[in-house]
Amino acid sequence: MGIRRLRAPGDGHAGPQGDGSTPDGGFGDSTGYLTRGLADPAEHYYRRVFVDAALLVDAARRLPSIDPGRVALIGNSQGGAIALAAACLSERVAGVFAQSPFLADIPTALTLSGRYPFQELTDLFARDHARRDAALATLRYVDVVNFARLARTPAWLSCGLNDDIAPAATAYAVRNAYAAEAHLTVWPANGHDAGGADDRLGALAVLAELFATD
């Protein structure tokens, strides 16, 4: 059976986000997905995204055409965060590949990133300083560094040192916290694209070795 690959929903930082009709609890003046449900970890937008992705992986592994031992997840930016969370939450994944993962080490990202989506939070905290502590407490539940501490799946990560959307330091934080085997490829001259197509070629090479049969 050939290699099976499931891409994380919303693969890419500009990927599909749905039509916005889900009943996310507001945070007074929510401006984007990061601030949806920010008052309560149980209601945050990304909590549902991560759970949905994990359920998708578990459902796919039960399909008769899928070898459940040959499922890997891959994504970049938001898709990388979803892939890392889903790999932790789902039953069993052979490997996870996250390129420039978003939602990692959020407090650090807020100090280093001057771009959206993190700017949504910066703008909110600038308008209302009292919201910061409660918001960061909620965001800890979807910070992929915390998922990394529970990891059982081998991971291949990448980042660009010039990334001003998901700063490279946050990818290092995921690697340093990762409880299973983890590899980090650093691209010194790149930004949020990290290694681009070369990352994907590297992932295919790893998958070919990971899923090799005698």
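How many helices and strands does the protein chain have? It comes to 8 helices and 5 strands. Helices here are DSSP runs of H or I with at least four residues, strands are E runs of at least two, and both are numbered from the N terminus.

Some ground rules. This is a predicted model, so local features need pLDDT of at least 70, side-chain atom pairs count only at pLDDT 80 or more, and totals for chains, interfaces and linings use all residues. Residues are numbered from 1 along each chain as its sequence is written, and side-chain values use heavy atoms, leaving out hydrogens and water.

The order from the N terminus is β-α-β-α-β-α-α-α-α-β-α-β-α.

Now the whole chain. Of its 214 residues, 50% are buried. Buried is under 20% relative accessible area, exposed is over 50%, partly exposed is in between, with a 1.4 Å probe and protein chains only. Take contacts, meaning heavy atoms within 4.5 Å. Among those between residues at least 6 apart in sequence, 72% join residues at least 24 apart.

On to helix α8, residues 197–210. It has 14 residues and spans 20 Å from first C-alpha to last, close to the 20 Å expected at 1.5 Å a residue. That expectation is 1.5 Å times one less than the number of residues.

Which residues of α8 are buried? D199, A203, V206 and L207. Down the axis of α8, the buried residues fall within an arc of 100°, so they line one face. The arc is taken over directions from the helix axis to the C-beta atoms. They pack against β2 (71–76), β3 (95–99), β4 (155–160) and β5 (182–187). The face turned away carries exposed A197, L201 and E209.
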